[in-house]
Amino acid sequence: MRTIGTDQKRTLASLLLKVDRKTSAPLHAQIDQALRARILSGAVRPGTRLPSSRSLASELGVARTTVLQALEALQAEGYLVAAPRSGVRVAPELPVEGLTSPPARAAHAGSPPRLSAAARALAGLGTGAPRLGPAPRPFRPGLPALDLFPVALWSRLVGRAQSRASARLLEGGEPAGHPGLRRAIAEHVVAARGARCSPEQVFITAGTQQAFEEVLRLVVDPGDSVWLEDPGYLGAQRAVLGAAARGVPVPVDDEGLDVEAGIRRAPDARLVILAPSHQYPLGVTLSLARRMALLRWAAAERAMILEDDYDSEFRHRGRPLTALQGLDDAGRVLYVGTFSKTMFPGLRLGYVVVPPTLVDVFGVARASLPAPASALEQAALATFMDEGHFARHLRRMRGVYRERAEVLLDALHARCAGVLEPRPCDTGMQLCAMLPAGTSDLAVAERAARVGVEAAALSEYRLTRRGRGGLVFGFGAIRPPAIRTAVETLQGALEAA
Ligand SMILES: Cc1ncc(COP(=O)(O)O)c(C=O)c1O
């Protein structure tokens, strides 16, 4: 049997490799990682000859093939080199100096990577309401009645789409989106929202947020001004920061976005993001006079308007309001819709209807990117719409949300009068109730959260910290008895303050 020479013994000692049989990590991977760490830390220098695989195996008490597996992996990555008759060495030209000198090590250990201006701005926002736990409690805003979604039917349609999928669909489908779904959406927005569009103008997105990002990428340059509703949807604010654009807060009053104020603050804005049919979170509708003023200004300044029409399908009573897009003769409006409310948020499907003049540029942009959403789910949704299930589900949910809104309004009037003043609610699945002037809505929301009520503070949606406080109640996912109980609990918390 060959004995180990003194040099090799020294190297073996410097390797100080051990394996741990109690962990689930395979032995060869443990040896690989330990040896790699020693090479990178400089403990084993470039050019050092390693002990033979046999002596390493006997030292570690493992099979020789285990050692060989680790050495081969490190050899394949260039850490080790094997030469005939001189055995295996640490690669002599390995640039470990740069990685292991004390200043370099300090830099690697402590300093985070340099971030873009957009990432720095986003980091300043934080991850959003830290009060919210993982499981939603009443009245977390934004959730539809998930328990009433026809899951079995949907699963069948997804299964059918999978079993009948063409090769093209399995490849990922069309970059602009599933043609049948684009057609079904065009029919839906024309009939239900008074939009004017053909299927070619519809681009499928992975929900509103991705639509915002795509629109911003194609119509706004870093540093450009974008009007944002104040208070408004945080997702719009995030998308603007993520595009390194300049968000300009524009106040919202009882007629919706104050267009005159926007023109005063940023007459040269390139884009306006707003929810004209059901402002989030105040719930107001943009008046006809303001709609016309906004369209006139955008046409004159060649600015674009992103219409976020996230929940207008759920108008509780009366005729649905026409989308702003339907009034636009100058091709300024990009109309964004989502299936997060009408189906379920995890589906991550939405759409942007672009003006005819932008069809080509959106098409070209899509051609250089993978399709943003699952082709199979798009196909299933096209069938869901074509077979009338979507329209039926909307009809049913409209009644459900109307009832839940009424129950919540009645309960708030009955139990929280004098403290909370609910604003009218004729659409969707959230409402806003105002607090007396001077009351901190953050403190009230905090108190409510402590007793299990998750209403959001209105000021969390404000870009400037001015204006009366209020609470935003999402009621879509809560059944009437639970709504009444939660308002009772809230009343207790308000009275105890
Ligand atoms: C104003 C507004 N727009 C859009 C959405 C939906 O966003 P997404 O389609 O990215 O889920 C929401 C959801 O809460 C919303 O409140």
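Two strands pair if DSSP finds at least two bridges between them. Helices (H or I, at least four residues) and strands (E, at least two) are DSSP runs, numbered from the N terminus.

This is a predicted model, in which local features need pLDDT of at least 70 and side-chain atom pairs count only at pLDDT 80 or more, while totals for chains, interfaces and linings use all residues. Residues are numbered from 1 along each chain as its sequence is written, and side-chain values use heavy atoms, with hydrogens and water left out.

**Stop 1: strands E3 and E10**

Select residues 202-205, which form strand E3. Val202 stands opposite Val353 of E10.

Is E3 covered on one face or on both? Both faces are covered. Val202 and Ile204 are buried on one side, Phe203 and Thr205 on the other. Buried means under 20% relative accessible area, exposed over 50%, and partly exposed in between (1.4 Å probe, protein chains only).

Now step back to the loop between strand E9 (333-338) and E10, and pick Arg348. Its phi is positive, about 50°, although Arg348 is not a glycine. Arg348 counts as partly exposed because its relative accessible area is 37%.

**Stop 2: Arg366**

Select helix H15, residues 359-367, and find Arg366 in it. Arg366 has a relative accessible area of 2%, so it is buried. What does Arg366 contact, leaving aside its neighbours within four places in sequence? Contact means heavy atoms within 4.5 Å. The partners are Pro175, Ala176, Phe203, Ile204, Thr205, Gln210, Glu214 and Pro372. Phe203, Ile204 and Thr205 belong to the strand of the previous stop, E3.

**Stop 3: helix H12 and its surroundings**

Go to residues 234-242, helix H12. Its buried residues are Gly235, Ala236, Gln237, Ala239, Val240 and Leu241. Show what covers them: the cover includes helix H7 (117-125), helix H11 (208-219), E4, strand E5 (246-253) and E7.

Look at both ends of H12. In the loop between E4 and H12 sits Pro231. A cis peptide bond joins Asp230 and Pro231, with omega about 5°. Just after H12, Ala244 takes a positive phi of about 55°. Ala244 lies in the loop between H12 and E5. With 29% relative accessibility, Ala244 counts as partly exposed.

Why stop for these? Most residues other than glycine have a negative phi, and most peptide bonds are trans.

**Stop 4: two cavities**

Rolling a probe the size of a water molecule over the atoms shows where empty space is left. On a 1 Å grid over the protein atoms alone, a cavity is a set of points where a 1.4 Å probe fits but cannot get out; lining residues have an atom within 4 Å of a point. Grid points are joined across faces, edges and corners, and a volume is the space filled by probe spheres set on the points.

How many cavities of 30 Å³ or more does the structure hold? Two.

Select Arg193, Ser277, His278, Ser312, Arg315, Pro320, Leu321 and Thr427 to see its lining. These divide into two nonpolar, four polar and two charged.

**Stop 5**

Select helix H8, residues 151-163, and pick Ala161. At 12% relative accessibility, Ala161 counts as buried. Beyond its neighbours within four places in sequence, Ala161 contacts Leu169, Leu376, Ala379 and Ala380. The C-alpha atoms of Ala161 and Glu229 are 40 Å apart.

Phe139 is in the loop between H7 and H8. Pro138 and Phe139 are joined by a cis peptide bond, with omega about 5°.

**Stop 5: the four-stranded sheet**

Which order do the strands of the open sheet have? It is E11-E12-E14-E13, with antiparallel pairing. The edge strands, E11 (421-422) and E13 (456-457), each pair on one side only. E11 and strand E12 (residues 430-434) are joined over two bridges. There, Glu421 has Met434 as its bridge partner.

Finish with helix H18, residues 441-450. H18 lies across E13 and strand E14 (470-474), running at about 45° to E14. Axes are lines fitted to C-alpha atoms, for helices over the stretch in contact, and angles run from 0 to 180 degrees between N-to-C directions.

Conventions: 1 Å grid on protein atoms, 1.4 Å probe; cavity = no way out; pocket = protein on both sides within 12 Å on 5 of 7 lines; lining within 4 Å. Nonpolar A, V, L, I, M, F, W, Y, C, P; charged D, E, K, R; others polar.
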